[in-house]
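Hi,

Here is the structure I said I would pass on. Have a look at it first, and then read my notes below.

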Amino acid sequence: MDKFGIGQPVRRKEDVRLLTGRGTYTEDVNRPGQAQAYVLRSPHAHARILSIDVAAAQAAPGVVAVLTGHDAAADGIGQFPVMVDVPGKGGTKLFPTPRAILQTEKVRFVGDPVALVIAETRAEAQDAAELVEVDYEILSSVTDTGGALAPDAPVIWEENGSNLCVLWDSGREAEADAGFARAARTVSLELVNNRLVGNPMEPRVALGEYDAATESYTLHSPTQGVIRVQDGLARLILQVPKEKLRVISPDVGGGFGLRGKIFPESGMVLWAAKRLGRPVKWVSGRTETFQCDPHGRDHVTKAEMAFDADGKTLAVRIRTMAAMGAYLQDFGPRVPTVAGGRILGTVYDVQALNAQVSCVFTNTTPTDAYRGAGRPEQAYVLERLYDLGAAEFGIGRDEIRRRNYIRPEQIPYTNVVGNAIDSGLFAETQAKAQALADWAGFPARRAASAAQGKRRGIGLGYFIEASGGQPSEWARVRFEADGGVAVTVGTFSHGQGHETAYAQILHQKLGVDFEKVRLIQGDTDVVEKGNGTGGSRSSQMGGVAIARASELVIAKGRRLAAHLLEASVDDVEFEAGRFRVAGTDLGTGWRQVIELAQSPPGGEAPGLDEQLLYTRSTECNFPNGCHVAEVEIDTETGRVEIVRYAAVDDVGNVINPMLVHGQSHGGIMSGIGQALLEHAVYEKESGQFLTATFQDYCMPRASDAPSFDLDFNIVPCPNNDLGVKGAGEGGACGAPPAIVSAICDALGIAHIDMPVTPEKVWRVLAAQAA
């Protein structure tokens with residue numbers, strides 16, 4: 001237990017396989033006789049399709065078929081609906097965009113699929129796609145989120161009458177107005193949460209097969225959980241019982257929330273495989289990843305905060321326009337509204353808060369959950385307001401937060417939308433982060449930078465998450481004949497280290513060899529239920545399900561051990577892999593119990609094999625943390641360098657600190673990307689996507705990362721067996737406000753929008769010099 005149990009920094013067992021090239025990704029999977037597919041996509045942001053002529057493409061070398069939306073309609077292929085509902089203000093309803101698998105009447109963003117070309121090779125399919133003749137009538141487009149509701153903006157869905165999908169209201173508008181009416185001071189700002197591209201290392205791939213004898217389909221594709229993909233594709237697109245579709249996800253190279261969707265291309269290869277009687281494979285190019293994978297963020301916000309004379313928050317008003325893109329993706333409208341809204345007020349004691357979000361259509365790629373999914377945006381707004389409040393009162397940014405944190409005696413604290421924050425020591429976590437960052441020593445470091453002609457600034461950002469995702473998870477724990485343990489679970493690892501963390505849980509619970517735990521996931525033929533991985537839910541849902549299933553195995557083991565030891569079950573104790581009769585030296589181990597389990601006495605079922613569906617008692621839990629960034633600015637070029645970065649996170653009990661720190665590193669790098677580098681940009685007049693390659697879209701590299709000083713403030717979650725909270729998305733929440741705060745401190749300005757590029761900084765410096 002001291003080496004491999006819960007709480008130990010065990011090295012990832014899966015890395016030996018992955019780093020030596022023995023991983024298996026969907027592109028590594030090939031089927032005899034498979035054809036290759038290429039998707040012809042719209043080059044226009046908004047256009048009416050007048051005609052599609054595929055004759056020349058069908059006659060091209062190697063071409064097997066060219067399919068359009070007319071063929072899909074004739075074959076009964078369903079549409080891709082939004083999977084959530086968002087209640088509108090005053091009882092209004094959101095407009096659910098109908099999305100066909102291939103467009104036949106109108107295209108609404110650059111990259112909208114129009115035809116599917118299938119050939120013997122991908123190159124032949126790509127060449128033939130250039131021969132498909134599509135006659136477009138180009139229409140005016142709108143790609144600017146802030147201008148989507150302008151009177152002269154072209155309407156993307158005429159049947160909706162405007163580009164407003166839904167206006168969501170969090171409530172308490174009158175209370176917020178009353179707070180502003182009695183305020184001693186107020187602050188306000190306008191800000192942008194820039195549009196981001198998730199860019200997993202592994203692009204999307206889909207390999208579809210159809211067995212005519214059994215009338216069943218098989219899909220190989222990277223996902224974040226196979227059950228939901230199986231259900232959606234079978235029920236909505238193929239319109240067959242879900243048992244007729246097997247979904248398999250092998251190793252997956254990154255997810256970030258983007259993999260858990262139902263994609264048109266997955267439906268295309270399954271439909272085409274049935275039509276052609278042979279497997280069909282589609283591999284996304286990197287430009288397609290940029291154009292067609294769901295994007296994240298893209299908000300334009302006006303926010304204001306009211307204070308009493310002592311700097312205590314009285315009220316907050318937030319008005320946001322959130323881009324949905326041209327179609328509603330699976331969870332798109334839920335992200336900036338209900339999902340992000342779960343943590344309105346974040347870690348601060350404020351009840352008179354009203355947020356209103358206008359979800360708007362634009363001629364852009366649909367948006368959906370991306371690392372944090374609404375929570376980074378909420379944290380960013382509040383943190384920027386508190387920085388302005390500190391300046392208004394002439395007090396420290398740390399001090400104004402201390403005055404407003406939810407106090408320990410207030411927990412459990414019911415926030416403005418009714419969620420009970422069950423644990424957290426926020427002022428204490430901030431103090432630890434400031435100590436780790438040597439906040440007190442900053443003035444000396446600033447002076448040293450100034451002596452070299454550079455600007456130095458420090459900033460902090462506090463966040464809270466609502467983690468947990470779907471409220472139930474399934475797990476199965478089975479002893480094998482050699483004493484190893486197979487664990488099957490409905491979560492899905494796409495880089496988090498589940499093989500290691502789950503083995504640590506079972507080593508702790510069962511006392512079995514860490515190396516003899518085998519993880520099974522990602523195949524609907526063996527995963528009976530489950531909700532995949534998303535919302536930082538794996539340890540708190542999959543981990544708890546595994547722990548409870550292991551307790552069922554131990555309970556059966558005690559009954560079998562009692563038979564072996566000729567004792568009452570009540571007298572048999574279990575600890576560290578050994579069964580013992582209490583108060584005696586009589587005992588036995590798993591080997592003997594496993595042998596007896598093959599032909600058990602007393603009507604017991606053979607084997608040690610238990611499963612359960614765990615359903616939690618709360619909607620979510622609340623990891624939180626304080627991040628402190630320190631930057632240095634080159635006054636000649638405007639280049640920003642992060643020179644120090646410290647973070648203290650409360651993720652509850654820690655199963656593996658090495659894994660959690662790795663998750664923190666990844667999340668912080670996502671936040672650095674948003675704060676300084678990444679921005680998906682559309683050309684305003686034409687609607688063309690200008691940042692569809694790595695030459696134009698700036699991803700953070702290793703050289704953009706400082707050394708991270710990380711620590712924990714462990715406050716166990718009281719609402720699950722392991723006391724754990726989510727750990728995967730905190731960095732993406734904490735880094736942007738901390739970095740922007742530091743830059744504003746260095747420049748002596750109130751606010752600057754992300755991404756804070758050298759050009760933006762240089763312009764501020766030039767204006768100050770003038």
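Before the helices, one term: a crossing is called right-handed if the near helix is turned clockwise from the far one by less than a right angle, and left-handed if the turn is anticlockwise. Keep in mind as you read that this is a predicted model.

Let's start with H17 and H18. Helix H17 covers residues 657-677, and helix H18 covers residues 730-747. Their axes are 7 Å apart and the two pack at an angle of about 45°. An angle between 35 and 65 degrees is neither roughly parallel nor roughly perpendicular, so H17 and H18 count as oblique to each other. Their crossing is right-handed. On the H17 side, the residues that meet H18 are Ser664, Gly667, Ile668, Ser670, Gly671, Ile672, Gln674, Ala675 and Leu676. H18 brings Gly731, Ala732, Ala735, Pro736, Ile739 and Ile743 to this contact. Sorted by class, that gives 9 nonpolar residues, 6 polar ones and no charged ones.

Angles under 35 degrees count as roughly parallel, so H10 is roughly parallel to H18. This crossing is right-handed too. From H10, Arg375, Pro376, Ala379, Tyr380, Glu383, Arg384 and Asp387 take part. They meet Ala732, Cys733, Pro736, Pro737, Val740, Ser741 and Cys744 in H18. The contact of H10 with H18 splits into 9 nonpolar, 1 polar and 4 charged residues. Ala732 and Pro736 of H18 turn up in the contact with H10 as well as in the one with H17.

Is Ala391 buried or exposed? Its relative accessible area is 62%, and exposed means over 50%, so Ala391 is exposed. Ala391 and Val416 are 25 residues apart in sequence, and their C-alpha atoms are 26 Å apart in space.

Thr588 is another one to click on. Thr588 sits in strand E26, residues 587-589. With a relative accessible area of 7%, Thr588 is under the 20% cut-off and therefore buried. Which side chain does the side chain of Thr588 make a polar contact with? That partner is the side chain of Gln592, at 3.3 Å. Setting aside neighbours within four places in sequence, Thr588 is in contact with Ala561, Leu564, Leu565, Arg578, Phe579 and Val593.

Cheers

Notes: Residues numbered from 1 in each chain as written. Predicted model: local features only at pLDDT ≥ 70, side-chain atom pairs only at ≥ 80, totals over all residues. Heavy atoms only, no water. Helix = DSSP H or I, 4+ residues; strand = E, 2+ residues; numbered from the N terminus. Buried < 20%, exposed > 50% of the residue type's maximum accessible area, 1.4 Å probe, protein only. Polar contact = N/O pair within 3.5 Å; in protein donor to acceptor, adjacent residues only side chain to side chain. Contact = heavy atoms within 4.5 Å. Axes fitted to C-alpha atoms, helices over the stretch in contact; angles between N-to-C directions. Parallel < 35°, antiparallel > 145°, perpendicular 65-115°, else oblique. Nonpolar A, V, L, I, M, F, W, Y, C, P; charged D, E, K, R; others polar.
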